[in-house]
Amino acid sequence: MVQNIIDVRNLSKSFDISSKEPGLKGTIKHFFRRQTKSLKVIKDISFEIKEGEIVGFLGANGAGKTTILKMLCGLIYPSEGSILVSGYLPFRRKENFLKNITLIMGQKQQLIWDLPPIESFYLNASIYDLDKFEAKKRIKKLSEMLEIDKELFIPVRKLSLGQRMKSELLAALIHEPNILFLDEPTLGLDINAQRNLRKFLQKYNNETNATICLTSHYMKDITSLCKRVICVHEGEISYDGKLDLLLKKLSPVKEILIVCRSEEDANKLENSGFTVENKIKNEITIKIKNNSITSSLKTILNNFDIEDLFINEPPIDEVIGKILTKKEYDI
Amino acid sequence: MIFNLINRKIFTLLKVQYSNMLEYRVEIALWAISGIIPFFMLNIWTNNNLYESINFSEVMLSRYFLCAFFVRQFSVVWVVFSFEEDSLMGKVSPYLIQPLNPFFRYFAQHLAEQITRFPFALIIAFFFFIFNPESIWIPNLDILLLSIVSTFLSFLIQFLIQSIIACLCFWTEKASSIERLLFIPTLFLSGLLAPVVSFPAYVKSWIYLTPFPYLIDFPANLLSGNETNISGGLGMQILWIFLLFPLFKKIWSEGTKKYTAMGS
C-alpha cells in the first residue's frame, strides 16, 4: 500500500495586512495610526498526498495555492492546524527534511547571475553534502535529461529564459529530492520549452517516484502531468479528486463539426432535433452529450450525406476557468 | 567529520563567491579607494598639530590612520543591505529551504570581497608610503598575527550586529534605516575619525564599554605599534561576539517564523 507522504489537517494561515486610504489625508492618517487587519488566506483545509503522486493545485490569482506550497515546504509558518511532510514538521526546517525537498518558483532564481550555472551546481552540491564525484555524475545526468549540457559554462546572465529555468531546475534537483514543490515552473517559457520541462518532470517522476506538487496557470502543465487536482477557492478546497472526473462533470458535451455534401443536407440536419451551435453554408456545428456520441453519430451518418466530420473537445482552459470561480464541486 | 563537511561548504562558498567578486574587480577597486576617510582625517590632524594634544607623534598618528584604513578595508560589512534587498525581492526563499543558514552565503561574500580588496589596499598603502616615507615600519610577526585576528574579530562583531539588524526585516521590512542609527556612533566612537584616546577621560570610560572602539581603534593601535591593552582588547572583542551570537540566533529563529516570503 502506498503511504501518505504529505498529511495536512485543518490548516489555516492568516496574514496581517495594513490598508491605506488614498490621498494626503490618508497618508498622514496611515503615518500616525496604521490600521492592520488579519486576513485569513487559508481556511481550515485538509488533504493527503501519496508517495509518487503528481498533484496540481488549481485556483485563481490570490486563491492561496502558493501559500499552501510555501507552508508545505516550511518556508512560512502555519497559523493553525498541522502539516506532516515525509514525517517532519516542515517549519522546523530540519536538515534531513530539507535534504528531501525542493521548491522551484518560476522567475525566482537562486543561480549566481554573473557566473556560469555549473558554479551554482557545485555550490548546491556541497550545501547538500554531495562529494565532487557524485555531484559531477548528477550534473551530467540531469543536464543530459534537461538538454543543457552545452550551456553549463556560459554565465547565467547570457542564457535565455528557458535555459535559465532548466538550470534552475538542475540546481534545485541536484540533491535528488523526493518531494518537489513547483510554483508556476513554466511561467514565461515558450511552448517548446514548456513541453520539454513537462517531459522532464514526467521522466523524473517515473525514474525516482518523486512526489510532485504543482501550481500552474498553463492548463497543459496540469492536464499532461497531474491525474489528481486540488482546486483552491478563496483559501478553501473546492474540489479534491481526479482531473478527468472533474472535466467530465464540467463539460458533459462535445462539439462536432459536420461538413455536409450540400447546403440542403445541412439545412435538413439543422432541423433534425440536434442542438445546433453554429451553421455556415454546408458546415454545421452541433453539441452532443458525451454518453450518446456513438448513437448520435450513427444516426447522422445513416441519414445524411456527410463529406467530413470533426469531434472537438471543449477548450480545457475554458472548462478549468469555470472551476476558478466556483466554491464547491461535488462529483 | 562535521567540521570537514562545514569546512567543505565554507570553502566551496568562498571559492564561488571569490569567482563572483572577481567579476566586479573595478567596483571593488573603487570601493577600496572610497575607504580613504582615515587619510583625510590624518591630513586634518597633522595640519592642525592636533596630535600633540594626545601625546602622539606625527609618525605614530600617520601609522595609526594607515592601520585604521587597513582595518576598515577588512572589516567593512553591508549584510543588512544585501539581506534586506534579497528579503524584499523574495530571493531569500530558496536559501531558507537549503540545509545551510543563508547568512553563511553573506559571510562568504564578505570574506571573498576582502580577499579581492587586498591587492588594491596594498597599492594604496604603497602610495601612502611614497608620500610619507618616514611612516614606513615593519610590525613584528606576533603583532601582525594578533592584528589579523583582531581585525577578523572586529569584522565578526560588525557582521553580527548587522545580521541582528538585518533579521529585523522579518518585522519592519526596512531594517537598514535602523542600521543608519548606528552609523554615527560607529563613525565617531570606532576610531575612524580620531583615536579613541583623544576623547575626555569620562567619555572614554563609557566608550570602552561599547563594542565601537574594538572595531577600528583597538586593532589599528595594535597593528601600528601604539600602546594598547592587548589581552583586554581581544577579551572585549571575544566577549562582544559571545554576547551577540546567541542574540542573533534567537532573533533569527523568531524572525523566520514571521517570514511571509513576499515577492515570491
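How many Å separate the centres of domain 1 of chain A and domain 2 of chain A, taken over C-alpha atoms? And once that is clear, please take me to A:Ile258 and tell me where its place is.

Reply: Happy to! Keep in mind that this is a predicted model. The centres of domain 1 and domain 2 of chain A, taken over C-alpha atoms, are separated by 45 Å. In the domain assignment, domain 1 of chain A covers 4–248, and domain 2 covers 252–312.

Now to your residue. A:Ile258 sits in strand β10 of chain A, which runs over residues 253–260. A:Ile258 counts as buried because 23 other C-beta atoms lie within 10 Å, and the cut-off for buried is 20 or more. Which residues does it touch, leaving aside neighbours within four places in sequence? A:Ile258 is in contact with A:Leu269, A:Ile284, A:Ile286, A:Ile300, A:Ile306 and A:Leu309. For another distance, take A:Asn290: it is 32 residues from A:Ile258 along the chain, and the C-alpha atoms of the two are separated by 17 Å.

Finally, a look at where the chains meet. Chain A brings 25 residues to the contact and chain B brings 22. On the side of chain B that touches chain A, the elements giving two or more residues are α1 (2–22) and α6 (92–96) of chain B. The largest share of that side, 8 residues, comes from α1(B). By kind, the residues on this side of chain B are 10 nonpolar, 8 polar and 4 charged.

Methods
Residues are numbered from 1 along each chain as its sequence is written. Chains are lettered from A and ligands numbered from 1 in the order in which they are written. This is a predicted model: local features need pLDDT of at least 70, side-chain atom pairs count only at pLDDT 80 or more; totals for chains, interfaces and linings use all residues. Domain bounds come from an automatic or database domain assignment. Helices (H or I, at least four residues) and strands (E, at least two) are DSSP runs, numbered from the N terminus. A residue is buried if 20 or more other C-beta atoms lie within 10 Å of its own, exposed if 12 or fewer, and partly exposed in between; C-beta atoms are placed from the backbone. Two residues are in contact if their C-beta atoms, placed from the backbone, lie within 7 Å. Ala, Val, Leu, Ile, Met, Phe, Trp, Tyr, Cys and Pro count as nonpolar, Asp, Glu, Lys and Arg as charged, and the others, Gly among them, as polar.
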